[in-house]
Amino acid sequence: MARSGSYQTKARQLTILYLREHQDRAVSASSILEYLHQYGMKTNITTVYRYLEKLLAEGCVLKYMDEAGEKSVFQYVGEENHCHEHLHLKCIQCGRVIHLDCEFMRCLDEHIREHHGFSMQCSNSILYGYCVECQEKIEKQNQSLEDRKL
């Protein structure tokens, strides 16, 4: 699982499992700890952070600040990620993280290098907004409110 060849405890295995199951979202260490406690693990938050930092160093996990800028959140990207090459989009409603890994990023990177003499570092760069599903929910809620006013 982890590339370091380190001993894989049950808690570490469950942590990776949780991260993989939620890889389309950034999750907090406290949500991982809660998951571990559901499986009877006596792990503490310090141990969870220590392992997340190890996964971060191995490149398996990305670390972001939450929308409020109050705590770190983590996203599993696997062992063969290319997140340093693209931006990320995060839905402020549901927390979904989308990797903007498309031709647009190559064009943007080229433009910035050629016209501004600047090299982007994208691995922890995130743009906040609403995913399609949340946009639709918001539009339906707004429409429902408009209908009630009539």
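Entry 1, helix crossing. I looked up the handedness of the contact between α2 and α3 in this predicted model and found that α2 passes α3 in a right-handed crossing. I then took the geometry: the axes of α2 (residues 29-38) and α3 (residues 45-58) come within 9 Å and cross at roughly 115°.

On the α2 side I listed Ala 29, Ser 30, Ile 32, Leu 33 and Leu 36, and on the α3 side Ile 45, Val 48, Tyr 49 and Leu 52.

Entry 3, sheet. I noted an open sheet of three strands in the order β1-β3-β2, paired antiparallel. I identified β1 (27-28) and β2 (61-65) as the edge strands, each pairing on one side only. Between β2 and β3 (residues 72-76), I found five bridges. I also noted that Met 65 stands opposite Ser 72 in β3.

I read 12 residues for helix α1 (residues 10-21) and a reach of 16 Å from its first C-alpha to its last, close to the 16 Å expected. Which residues of α1 are buried? I listed Ala 11, Leu 14, Thr 15, Ile 16, Tyr 18 and Leu 19. I found that the elements covering these buried residues include β1, α2, α3, β2 and β3.

Notes: Residues are numbered from 1 along each chain as its sequence is written. This is a predicted model: local features need pLDDT of at least 70, side-chain atom pairs count only at pLDDT 80 or more; totals for chains, interfaces and linings use all residues. Side-chain values use heavy atoms; hydrogens and water are left out. Axes are lines fitted to C-alpha atoms, for helices over the stretch in contact, and angles run from 0 to 180 degrees between N-to-C directions. Helices (H or I, at least four residues) and strands (E, at least two) are DSSP runs, numbered from the N terminus. A crossing is left-handed if the near helix is turned anticlockwise from the far one by less than a right angle, and right-handed if clockwise. Contact means heavy atoms within 4.5 Å. Two strands pair if DSSP finds at least two bridges between them. The expected span of a helix is 1.5 Å times one less than its number of residues. Buried means under 20% relative accessible area, exposed over 50%, partly exposed in between (1.4 Å probe, protein chains only).
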